Each structure stands twice: as structure tokens, then as C-alpha cells.
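I set out to record the fold, the strand pairing, the side-chain salt bridges and one backbone angle. My entries follow the display.

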Amino acid sequence: CLMSWIVCHFRHAVQGLDDSTKMLGIYSTREEAEKAINFLSDKPGFRDSLDDFLIDEYEVNKICWSSGFG
């Protein structure tokens, strides 16, 4: 099976604003995903919340929410 790694950043509410999730990219290897985080880690909006990065592994061409949610 073919896998991909998705990099997201979850920023918690700041100054009354809603939480926000940013999908930052999809990568062919975990190493490439980690390089992206390293690149972004000193940028405004990211550098103050380094623990909010997430790398998640997904199988390509597979439905990930097949049972729904709610």
C-alpha cells in the first residue's frame, strides 16, 4: 500500500479567536514532512506554538472516514 504523511498545525484560540487548523502539506515520506516542519518552525504564527504541529500517516486511495462521524 502507498502511504503519505500530512502535516497540520493546530493553533489554539488566541485573543478570543476560534481555534484554527491548517493543513500545510502532503509528503511522500515522513522525513520530508519533518523537513517542512523544520522550515516552518521559525516563521510567524508557528514559532510560538511548535508543539501544535502534527504529522499524520494516511494510506493513499483509501477512505479514512468510512463509518462517518458525528
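The entries below go from the whole chain to single residues.

**Basis.** I worked on a predicted model, in which local features need pLDDT of at least 70, side-chain atom pairs count only at pLDDT 80 or more, and totals for chains, interfaces and linings use all residues. Residues are numbered from 1 along each chain as its sequence is written, and side-chain values use heavy atoms, with hydrogens and water left out.

**Overall fold.** I looked up the secondary structure and found one helix and three strands in the protein. Helices (H or I, at least four residues) and strands (E, at least two) are DSSP runs, numbered from the N terminus. Along the sequence the pattern reads β-β-α-β.

I then checked burial: of the 70 residues, 23% count as buried. Here buried means under 20% relative accessible area, exposed over 50%, and partly exposed in between, with a 1.4 Å probe and protein chains only. The protein exposes about 5500 Å², of which carbon and sulfur atoms supply 53%; the areas come from the Shrake-Rupley method with a 1.4 Å probe, and for residues only the protein chains shown count as cover.

For contacts (heavy atoms within 4.5 Å), I considered those with a separation of 6 or more; residues 24 or more positions apart account for 52% of them.

Two strands pair if DSSP finds at least two bridges between them; β1 (residues 3-11) and β3 pair in the antiparallel sense over seven bridges.

**Salt bridges.** I counted a salt bridge where a side-chain nitrogen of Lys or Arg is within 4 Å of a carboxyl oxygen of Asp or Glu. By this rule the count comes to three.

- E34 and R30 meet at 3.2 Å, N to O. They are four residues apart in helix α1 (residues 30-40), so about one helical turn separates them. E34 is partly exposed at 36% relative accessibility, and R30 is partly exposed at 42%.
- K35 and E32 meet at 3.2 Å, N to O. They are three residues apart in α1, so about one helical turn lies between them. K35 is partly exposed at 46%, and E32 is partly exposed at 30%.
- K43 and D42 meet at 3.1 Å, N to O. K43 is partly exposed at 27%, and D42 is partly exposed at 46%.

Which residue has a positive phi although it is not a glycine? I recorded N61, with a phi of about 65°. Most residues other than glycine have a negative phi. N61 is found in the segment after β3 and counts as exposed, at 81% relative accessibility.
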